[in-house]
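Please look over the sequence and the model before reading on.

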Amino acid sequence: MKMRRIIVLAVIPAFILGSCKNQSDKSDAYGNFEATETTISAQAAGEIMELNLEEGDFIPSGKMLGWIDTTDLDLKRQQLKAQREAIRSKIPGLKAQIAVFQQQKENILRDQARIEKMFTDGAATQKQVDDIEGQVEVINRQIESVKTQESAVVNEISAIEKQISQIETSISKAVIVNPLEGIVLTKFANAREIAVPGKALYKIADLREMKLKVYVSGDQLPNVKIGQEVEVLVDKDKAENQKLTGTVSWISESAEFTPKIIQTKEERVNLVYAVKVLVKNDGTLKIGMPGEVNF
């Protein structure tokens, strides 16, 4: 009997020590890694002629990945350019008409000056004066009419040039250029498929720096500051964790209920604050991977 009591008493302290050790090993917050995922979409309609990328490829910003067929747009552009030149060819003829009318006007003005002098000397009638003034008025209206036609032609050319500019913009959008640096997560389209504006082509994310989104309680919040360096733990294997360094980049301004995917049912009713920690990725971090933080 004495033997059993001694054994029981020896086991109880060991159990208590083990429990305390487990409690002290718990991290301050838990969450999952995220990255800013961007879906790149087509900006032109037509057949995808090339799309040179695969899932997992690292693509620098500004790299040309392919292009969408623009045959119809190019034909329309050529047609508009031909129309523009045809309309532009009218301008020399209109300018020539204006020059002729201007010369006629100069001749009439000389005649008008002579008739007015003759009228002053009594050698011309009032009717002659009125007739020459009428001729001047008519020639002025003819000049204005041709100038109006010339202005209309210029405006028509300007409208066509705007259409050409719009088509050239559409053609430039048919070239698929990667807008940001990152790794291709998902490829949604392939060459020879038909694209329309807004059709998703691929999804990309910069995984060189990941965000670990965790949740802290109101009691922990005073100890968390933006810019603060923290310890980040991720699973190395079944028994060990890998230690990384992170920086607090964002703290939510309002509380929310604890996400059920992280906490137990009893703890879900507690209000917590979301916190994002930036962590340099050495290649081991993946989107959705769990992580722990110690402040």
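In what order do the four strands of the open sheet stand? The model is predicted, and in it the order is S6-S5-S3-S8, with antiparallel pairing. Strand S6 (175-177) and strand S8 (194-195) are at the edges; each has a single partner strand, so one side of each lacks a neighbour in the sheet.

Strand S5, which covers residues 64-68, pairs with S6 over three bridges in the antiparallel sense. Within this part of the sheet, Gly66 is opposite Ile176 of S6.

Two other residues can be compared by their setting.

| Residue | Relative accessible area | Class |
|---|---|---|
| Ser27 | 9% | buried |
| Gln126 | 42% | partly exposed |

Ser27 belongs to the loop that runs between helix H1 (2-25) and strand S1 (29-34). Ser27 counts as buried because its relative accessible area of 9% is under 20%. Its side chain makes a polar contact of 2.5 Å with the side chain of Glu292. When neighbours within four places in sequence are left aside, Ser27 is in contact with Leu233, Glu292, Val293 and Asn294.

Gln126 is part of helix H4, which spans residues 126-173. Its relative accessible area of 42% makes Gln126 partly exposed. Gln126 and Ile115 are 11 residues apart along the chain, and their C-alpha atoms are separated by 9.5 Å.

Terms used:
Residues numbered from 1 in each chain as written. Predicted model: local features only at pLDDT ≥ 70, side-chain atom pairs only at ≥ 80, totals over all residues. Heavy atoms only, no water. Pairing = 2+ DSSP bridges. Helix = DSSP H or I, 4+ residues; strand = E, 2+ residues; numbered from the N terminus. Buried < 20%, exposed > 50% of the residue type's maximum accessible area, 1.4 Å probe, protein only. Polar contact = N/O pair within 3.5 Å; in protein donor to acceptor, adjacent residues only side chain to side chain. Contact = heavy atoms within 4.5 Å.
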